[in-house]
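Dear colleague,

Please find below the structure for your review. A summary of the findings follows.

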Amino acid sequence: MTDGSKRIRFTAVQRLLHWLMAIGILSMLFIGVAMVSTIGRQYVPLLLTHKTLGIILLILALVRLAIRFMSGAPPLPTDLPEPMKLAARLSHVGLYILMIGMPLIGWAMLSAAAYPIVLFGGIRLPAIMPPSPTLHAWLWDAHSYLGFAFFALVLMHLAAGLFHGLVRRDGVLQSMLPGR
């Protein structure tokens, strides 16, 4: 797996943020689908929850990225084929891009539509884009399609974790699991 001088697990803070964000991201994806598939009275609470959770996840992703730069990550197994190492690196880059990009695109989309961005507790966010129906439509499409791509990447990440934990049994999954 690794030599004794290298860390074999993510830090406790990294693991906590990972699992909190995993729950939040999956919730966001399902809330987003429920939100756009309803015109009923549950739309407004879903939208409020989606916006608030999106901003919370944006903040957590930035914190997590900073911690990742400071603390690093355990090395991948030395016997892992290079294409799999590349896939792991690229998938993590993609996840970070989407964890940061999706909330920003949503915020920009609402700004371009000139909608007030109000979160739980009455917290108001400033617009980050000028009003533009064309830009709003483009950002709506980007947010929607990237949401599906995000879901696919999350599923691939989950599958890779299970592959490492159940098939390869190489410690990669254990490096992110809670506990000792």
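Helices (H or I, at least four residues) and strands (E, at least two) are taken here as DSSP runs, numbered from the N terminus. On that basis, the protein chain contains four helices and two strands, and their order from the N terminus is α-α-α-β-β-α.

This is a predicted model, in which local features need pLDDT of at least 70 and side-chain atom pairs count only at pLDDT 80 or more, while totals for chains, interfaces and linings use all residues. Residues are numbered from 1 along each chain as its sequence is written, and side-chain values use heavy atoms, with hydrogens and water left out.

The C-alpha trace of the protein chain spans about 55 × 30 × 30 Å along its principal axes. Of the 180 residues, 37% are buried (under 20% relative accessible area, 1.4 Å probe, protein chains only). Among contacts (heavy atoms within 4.5 Å) with a separation of 6 or more, 71% join residues 24 or more positions apart.

The protein chain exposes about 10900 Å², of which carbon and sulfur atoms supply 74%; accessible areas come from the Shrake-Rupley method with a 1.4 Å probe, and for residues only the protein chains shown count as cover.

One surface feature deserves mention. M84, L155, L158, L162, F163, L166 and V167 form a nonpolar patch of about 630 Å². Such a patch joins nonpolar side chains (Val, Leu, Ile, Met, Phe, Trp, Tyr) within 5 Å, from residues with over 30% relative accessible area and no salt bridge (a side-chain nitrogen of Lys or Arg within 4 Å of a carboxyl oxygen of Asp or Glu). Helix α4 (residues 133-168) supplies the largest share of the patch, six residues.

Yours sincerely

Key. Patches are made of residues with over 30% relative accessible area and no salt bridge: like charges are joined within 9 Å, nonpolar side chains (Val, Leu, Ile, Met, Phe, Trp, Tyr) within 5 Å. Buried means under 20% relative accessible area, exposed over 50%, partly exposed in between (1.4 Å probe, protein chains only).
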